[in-house]
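Welcome! Take a moment with the sequence and the picture, then read on.

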Amino acid sequence: MYDYTAGKHDWLARGLPVEGTEADPPAAHHVVRSDVVTCDLADRVGDVHERVIASPFGFALVVSEHRCLLGRLRGSALEQCDPDSTAEQEMEPGPSTIRLDADLRALVGRLRERNLMFAVVTDPDGRLAGVLRRSDAEAFLA
Amino acid sequence: MASPINAARVRELVDRGARLLEVLPRGEYEEQHLPGAVGIPLKKLDAAAVASLDRGGPVIVYCWDSI
């Protein structure tokens, strides 16, 4: 006998499949994107900046070797800081995150209220799943 | 005594034939449950109900969370 102690809540938050009458409501995992720039703590900020300029997002996410989210480097900050400094020195630690099962309608409402264009998505262990663009979520719900 | 496991281990065991048992109320089970899980609400978990499970292999029990 085994006990999946973290339970259904954990399973849903990982975006894993379920069955049932409400098996697939609009949720973050439907529109999350994995093409955000990521970097290590020791990466040179100047190098990260170049990759951010070429990406569809205006920021980079700092992750550990196990892809745990550690911080964020905003494009505006990257433009102003010493390009030879490290990601660890310039990052904003511990950005707010949502889970893969976050209700998409409620999420879009919150993002609109706060005038935010993106949400960072992680699993319950803090591992980066990707980034959600508000415009993608709105298009999905339309 | 049940052994605590995580999501990754659940998937491994299910791939090897383990049965899933959700003990939440019926309505919650019907809305969403892990694929292939049987639903027996905790209040109705008696010997007869458990006998309906395949006793030949491991059973994984889960609720909403650990609280």
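What follows is a briefing on this structure, arranged by topic.

Please keep in mind that this is a predicted model. Chain A has six helices and eight strands, and 33% of its 142 residues count as buried. Chain A also meets chain B, with 20 residues of chain A in contact with 24 residues of chain B.

**Chain A as a whole**

- If you walk along chain A from the N terminus, the elements come in the order β-α-β-α-β-β-α-α-β-β-α-β-β-α.
- The C-alpha trace of chain A spans about 55 × 45 × 20 Å along its principal axes.
- Take the contacts in chain A between residues at least 6 apart in sequence: 60% of them join residues at least 24 apart.

**The largest nonpolar core**

- The largest nonpolar core has 50 residues, and those that touch the most other members are Ala28(A), Val48(A) and Val121(A).
- Strand β3 of chain A, residues 59-63, gives the most to this core, with five residues.
- Which residues does Ala28(A) contact, leaving aside its neighbours within four places in sequence? The list holds Ile98(A), Arg99(A), Leu100(A), Asp101(A), Ala102(A), Leu104(A), Leu107(A), Val121(A) and Leu132(A).

**A four-stranded sheet**

- Four strands of chain A form an open sheet in the order β2-β3-β4-β5, and their pairing is mixed.
- At the edges are β2 (37-39) and β5 (92-93) of chain A, each of which pairs on one side only.
- β2(A) and β3(A) run parallel and are joined by three bridges.
- Thr38(A) stands opposite Leu61(A), which belongs to β3(A).

**Helix α2 of chain A**

- Helix α2 of chain A covers residues 45-53, and its residues Val45(A), Val48(A), His49(A) and Val52(A) are buried.
- Looking down the axis of α2(A), you find these buried residues within an arc of 105 degrees, so they line one face of the helix.
- What covers the buried residues of α2(A)? The cover includes β2, β3, β4 (69-74), α3 (75-80) and α4 (87-90) of chain A.

**Where chain B meets chain A**

- On the side of chain B that touches chain A, the elements giving two or more residues are β1 (3-5), α1 (7-15), α2 (26-31) and β4 (59-62) of chain B.
- Of these, β4(B) gives the most, with four residues.
- The residues on this side of chain B divide into 15 nonpolar, five polar and four charged.
- Strand β1 of chain A (residues 2-4) runs parallel to β4(B), and three bridges join the two.
- Tyr4(A) stands opposite Tyr62(B) in β4(B).

**A closer look at Arg127(A)**

- Arg127(A) sits in the loop between β7 (118-122) and β8 (128-133) of chain A.
- Leaving aside neighbours within four places in sequence, Arg127(A) is in contact with His66(A), Arg67(A), Cys68(A) and Thr122(A).
- Arg127(A) and Val18(A) are 109 residues apart along the chain, and their C-alpha atoms are separated by 21 Å.

Key:
Residues numbered from 1 in each chain as written. Chains lettered and ligands numbered in written order. Predicted model: local features only at pLDDT ≥ 70, side-chain atom pairs only at ≥ 80, totals over all residues. Core = buried A, V, L, I, M, F, W, Y, C linked by C-beta atoms within 7 Å. Buried ≥ 20, exposed ≤ 12 C-beta atoms within 10 Å, placed from the backbone. Contact = placed C-beta atoms within 7 Å. Pairing = 2+ DSSP bridges. Arc of directions from axis to C-beta. Nonpolar A, V, L, I, M, F, W, Y, C, P; charged D, E, K, R; others polar.
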